[in-house]
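Please keep the sequence and the structure in view while reading.

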Amino acid sequence: MLYFPVPITSFLLSFIFLSLLAPSSSAECINRDLSIAIDVGHSPKKPGASSATGVNEYAFNKIIAELLLKRLLMQGFKRSFIISQRNPEMPLHSRASFANAKRADLLISIHHDSVQDKYLKPWQYKDHTQHYSNDFSGFSVFVSEHNRKAQQSLIFADMLAKELLSLDFSPSPHHQEPIEGENRRLLVPEKGIYQYDELVILRRSKMPAVLFECGVIVNQLEEKKLSQKVYQQLIIAALERAILRFAAFPKETAYLDNVPLLPVPEPPKTLVSPQAPKDNKTDSDKDE
Ligand SMILES: [Zn+2]
């Protein structure tokens, strides 16, 4: 397990303090007027990653997004919506603008994860060659410091990760590997929370926003789990609990706007791979 200490700063103190303020389930404190914008990662024409058995990521994302919306409406969050419901091919910039125009209070972009090509191996599944990697599994949550409510995004990411851990999900450290396409800052290692500033949907949205990778669909065992209704319901339970906590969180957090994310500690000595970093060019307008 990776471990390194996070320096205590005023930001961290305010973060911890505010986290303690959030009641777990007191019904009368929950603001059900909150609008949750749910983004289905990718689109039918650009469906994202391909799973170990050849199912596209968009199909996985759509299931979770629709289940989540259903639960939120049942919980009384009537203003919640799926961003690309009417136009599944909506470009990323428009998705953020759409959520901004609807004055959403929280944005959750739903994704399912893959790994870098070098880890993928071919195998035959139902007479077709597919690609898999069983090297990594688990969830990841991304926040962007370029989002004007970066600290509030981090607070929600922390709530979500805590709920996932309480339901025995595990985070994946693979996005921190110092190679092209990864090299993300792992802000909270034990909770799988990464900093990824360039993600369009996160940096262009005006409300707290996270990108949530539910699990790794190129992993053969994890794909099986992610395809099961029971497992999907557990993911929804974690999201729902985290949203309830967030909806009970004090709304007056404007003083946290436009402040940098927690200082990031030095990279841990034990990395996923001993390879040296390649050309560390800046990504622009990334979509996971
Ligand atoms: Zn994706």
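## Basis and overall make-up

A residue is buried if 20 or more other C-beta atoms lie within 10 Å of its own, exposed if 12 or fewer, and partly exposed in between, with C-beta atoms placed from the backbone. By this rule, 41% of the protein's 288 residues count as buried. The model is predicted: local features need pLDDT of at least 70, side-chain atom pairs count only at pLDDT 80 or more, and totals for chains, interfaces and linings use all residues. Numbering starts from 1 along each chain as its sequence is written.

The protein has seven helices and nine strands. These are DSSP runs (helices H or I, at least four residues; strands E, at least two), numbered from the N terminus.

## The sheet

Two strands pair if DSSP finds at least two bridges between them. Seven strands form an open, mixed sheet in the order β2-β1-β3-β9-β6-β8-β7. Its edge strands, β2 (81-82) and β7 (185-188), each pair on one side only. Strand β1 (residues 36-40) pairs with β2 in the parallel sense over two bridges, and Ile38 has Ile82 in β2 as its bridge partner.

## The nonpolar core

A nonpolar core is a set of buried Ala, Val, Leu, Ile, Met, Phe, Trp, Tyr and Cys residues joined through C-beta atoms within 7 Å. The largest one here has 69 residues, and Ile36, Leu160 and Val210 have the most contacts inside it. Helix α4 (residues 150-166) supplies the largest share, nine residues.

Two residues are in contact if their C-beta atoms, placed from the backbone, lie within 7 Å. Beyond its neighbours within four places in sequence, Val210 has contacts that include Ile108, Val141, Phe156 and Leu160.

## Two packed helices

Helix α2 (residues 57-74) and helix α7 (residues 229-247) pack at about 50°, with their axes 10 Å apart. Axes are lines fitted to C-alpha atoms, for helices over the stretch in contact, and angles run from 0 to 180 degrees between N-to-C directions. Among the residues that meet are Ile63, Leu67 and Arg71 in α2, and Ile235, Leu239 and Glu240 in α7.

## A loop residue

Where does Gly138 lie? Gly138 is in the loop between β5 (128-132) and β6 (140-143). Gly138 counts as partly exposed because 19 C-beta neighbours are inside 10 Å. Gly138 and Pro173 are 35 residues apart in sequence, yet 8.4 Å apart in space, C-alpha to C-alpha.
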